[in-house]
Amino acid sequence: MLSTKRLTRFFYYQSIYFGPHSFSKILSDGEKCFSSQALGMRNKKFFEHVFGKPEQSADNNEIKKSLPRNKTSQSLTPRVISNILTDFIRKPQVRNLAAERGLTAKQLRNAFVSFRGFCLTQTENKLPVELEFVLNDIMMGAAPPDELFRQFMDYAMKIYPHLHCREELSRICDLRDPASWYPQARALGRKIIYHAGPTNSGKTYSALEKFMQAEKSVYCGPLKMLACEVFQKTNSKGIDCDLATGDSRVSARPDGEKSNRLSCTVEMAPLGENYDVAVIDEIQLLQDSQRGWAWSRALLGISAKEVHLCGEAAAIPLVKNLLATAGETVEVHDYSRLTPLEVEDSALVSLRNVQPGDCLVCFNKRDLYKITKSLEEMGHRVAVIYGSLPPGAKLDQCNKFNNVDDPCNIMVATDAIGMGLNLNIRRIIFVTLKKLDITSDGKRTLESISVSQALQIAGRAGRFGTEYEKGFVTTLSQRDLKPLKAMLASLPMPAEKAGLYPTAEQIEMFSFHLPESSLQSILEIFTDLCQMDDSLYFMCNIETFMYLAEKMDSIHLPLRARYIFCCSPVNIKDNVVVSMLLRMARHFGRNKVMNARWLASQIQWPPPVPANIADMSKLESLHDVFDLYLWLGLRYSDMFQEDEEVRTMKTTLDNLIVEGLARLSQLIKKDQDGGTLLRDSEDTSESASEDKGSLENDLVKSGKITPEVLDRLKYEWKQEMIRKKDK
């Protein structure tokens, strides 16, 4: 049976086409109106389009020719179409139906904007036939605006093909029970021990004792330098231990056989092997927005009879809640600081008051260069450490500072000293309490450091077992001293959620269902569809991955290789490194082997001795390029060859950077004379922003708000901004 609505539509268009007289005659002929002989072949195509014929589709162009333009579309102007579409999208039932079919609010907006543009940009008589019929019905009042929904969804499915297989994709990206992903760990009945305490409390030392005593064990650290340190210390005691980091594998045995102990970075944690003891260091970093997924993965998935966790007490409740989902309990061992730490009653005020063993902590390179130059002009020998400095150069600076026979006894550093370095520091001096922060919408702002950061950095003073058995802390500016005291007397804000990240296997399964979609589109769909326990987990930041996926979209690569290239350790703000990654990806896609000679030709090797700060930055970028090459070589050794020659080149580069650091004040002076020092950098020093954030300082100083509450307010404000952005 034909519906009344479709019969009405058919008769309406027949009356337009044949005219009132001819149409009346057809009606009077009864069944003849449905005869192809009466209607003719062209009218038969029109008839079949209106009533539908699943066996064959109507020819769009022939149908369009059979409709007189001056009668069917003369009133269907862009303005009329725009009004119809506006009424359509305003209907609540449209939004509800779209949500039921899997369109998020953001996707609905994007699809509608695209659909509207499609409808308005079609030239006269170029709209799809059925869409034109529906628009005419709505214009003539024969149908409501929401009659467009089927045509709109057909169009939306072309933009979002995942809507065809939404249920299957939703099952793939169901992240609500991560503990169930690791049956091997669940089968062991693990014993979990949490070593909780501040910096310099001996918590990691106790866990490492268990690591060395066990027959088979693994240490998972947050930094390559820490993994190397454990590797070296263990082997120095005659206990074989291998090393695994993102860009290197080192065996302790001459024959290359695997040892029973492994020291690795947390991303390299081997989940497929069973161990007697596993140590996961700095467990509170599972809440890190970039790398938190690696700690979550190790915590839930490491297969060891005993798992020793080391970190701040603030992460205990979260860790307990996470492991409760796996049916595991946590045994907590509390530690206190081994040496006293005293906050001085007065600020340093002037750099002339520095003493041997002092470490001045900055939060940007501009302040670091400025203070280093001033101290060296006063006759001090200064060690310098900052985040982008290669590990070899950092260790060289640490050794100079720690050596009592070396005249270098003052250090200027960024917050990079907060983790992974053993330093003989007598006093920590905060140059400022402000740090550059990138908000969720990409804006650069200066924010006060968190309580956790203040405690971590201040705790580096007075390390147990060094010549300074008591540590001191102060600030450069007197106005910062009271807020610092309040921070150090506070407890860090409890960790609330742990990070998760899509795996290569999940992305491959998505690609099977969406073979025509780009990696970037797949990631967007994954994050839109994924389900997780929002009370325990969050999705780690994928902006770097998405940026690289977009850059490599035109490069021919297998999906898994594309995923691995996008996961490579690249600072996307460094154009030199990003450019080299894309060159390597193109060579890989063409199946061309890369070796040391090829790499040297790409980076104009060897570089000259640095003559200014800009040259130093270039050398640091080249070091990152070497790290990238070795990282990819560890995963594709057949394509990235001669890794030993590349490591030799890297060592040469380390020496050049160390040589540049020895003349740092001269390099700074040359840049200042040329007016190029940090020309492209934003001045984030305290003096440049004295008015910014003064309200929060005043509130803390007056006692109207505590640092913990301030941290909490900042966190909640950021979460609110993220929610608004998602909406």
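Buried residues make up 49% of the 727 residues in the protein, where buried means under 20% relative accessible area, exposed over 50% and partly exposed in between (1.4 Å probe, protein chains only). The model is predicted, so local features are given only at pLDDT of at least 70 and side-chain atom pairs only at pLDDT 80 or more, while totals for chains, interfaces and linings use all residues. Residues are numbered from 1 along each chain as its sequence is written, and side-chain values use heavy atoms, with hydrogens and water left out.

**The whole chain**

Start with a cartoon view. The protein has 30 helices and 20 strands; these are DSSP runs (helices H or I, at least four residues; strands E, at least two), numbered from the N terminus. Its accessible surface comes to about 34,800 Å², computed by the Shrake-Rupley method with a 1.4 Å probe, and for residues only the protein chains shown count as cover. Carbon and sulfur atoms account for 50% of that surface. Of the contacts (heavy atoms within 4.5 Å) between residues at least 6 apart in sequence, 74% join residues at least 24 apart.

**First stop: H7 and H9**

Select residues 105–121, helix H7, and residues 149–159, helix H9. They pack at an angle of about 110 degrees with their axes 10 Å apart. Axes are lines fitted to C-alpha atoms, for helices over the stretch in contact, and angles run from 0 to 180 degrees between N-to-C directions. H7 is therefore roughly perpendicular to H9; the classes are roughly parallel under 35 degrees, roughly antiparallel over 145, roughly perpendicular from 65 to 115, and oblique for the rest.

Now show the side chains. From H7, Leu108, Ala111, Phe112, Ser114, Phe115 and Phe118 meet Gln151, Phe152, Tyr155, Ala156 and Ile159 of H9. This contact of H7 with H9 divides into 9 nonpolar residues, 2 polar and no charged. Here Ala, Val, Leu, Ile, Met, Phe, Trp, Tyr, Cys and Pro count as nonpolar, Asp, Glu, Lys and Arg as charged, and the others, Gly among them, as polar.

**Second stop: H13**

Select residues 224–236, helix H13. Its 13 residues reach 18 Å from the first C-alpha to the last, close to the 18 Å expected at 1.5 Å a residue; the expected span is 1.5 Å times one less than the number of residues.

Which residues of H13 are buried? They are Met225, Leu226, Ala227, Glu229, Val230, Phe231 and Thr234. These buried residues pack against helices H12 (203–213) and H17 (391–402) and against strands E3 (217–221), E4 (242–245), E5 (248–250) and E6 (261–265). Just after H13, Gly238 takes a positive phi of about 80 degrees.

Select Tyr275 in strand E7. Tyr275 is buried, with a relative accessible area of 5%. Leaving aside residues up to four places away in sequence, Tyr275 touches Lys216, Ser217, Val218, Leu262, Pro270, Ser303, Ala304 and Lys305. The C-alpha atoms of Tyr275 and Ile302, 27 residues apart along the chain, are separated by 8.5 Å.

Move along to Glu282, in the loop between strand E7 (274–280) and helix H14 (292–301). Glu282 is not a glycine, yet has a positive phi of about 55 degrees. Its relative accessibility is 11%, so Glu282 counts as buried.

Select Val349 in the loop between strand E10 (341–343) and strand E11 (358–361). Val349 also has a positive phi, near 70 degrees, in a residue other than glycine. Is Val349 buried or exposed? At 60% relative accessibility, Val349 counts as exposed.

Select Leu389 in the loop between strand E12 (381–385) and H17. Leu389 is buried, at 2% relative accessibility. Its contacts, not counting residues up to four places away in sequence, are Val384, Lys394, Gln397, Glu620, Ile657 and Leu661. Asp654 is 265 residues from Leu389 along the chain, and their C-alpha atoms are separated by 9.5 Å.

**Last stop: Pro606**

Select Trp605 and Pro606, which are joined by a cis peptide bond with omega about 0 degrees. Pro606 is in the loop between helix H25 (596–603) and helix H26 (613–635).
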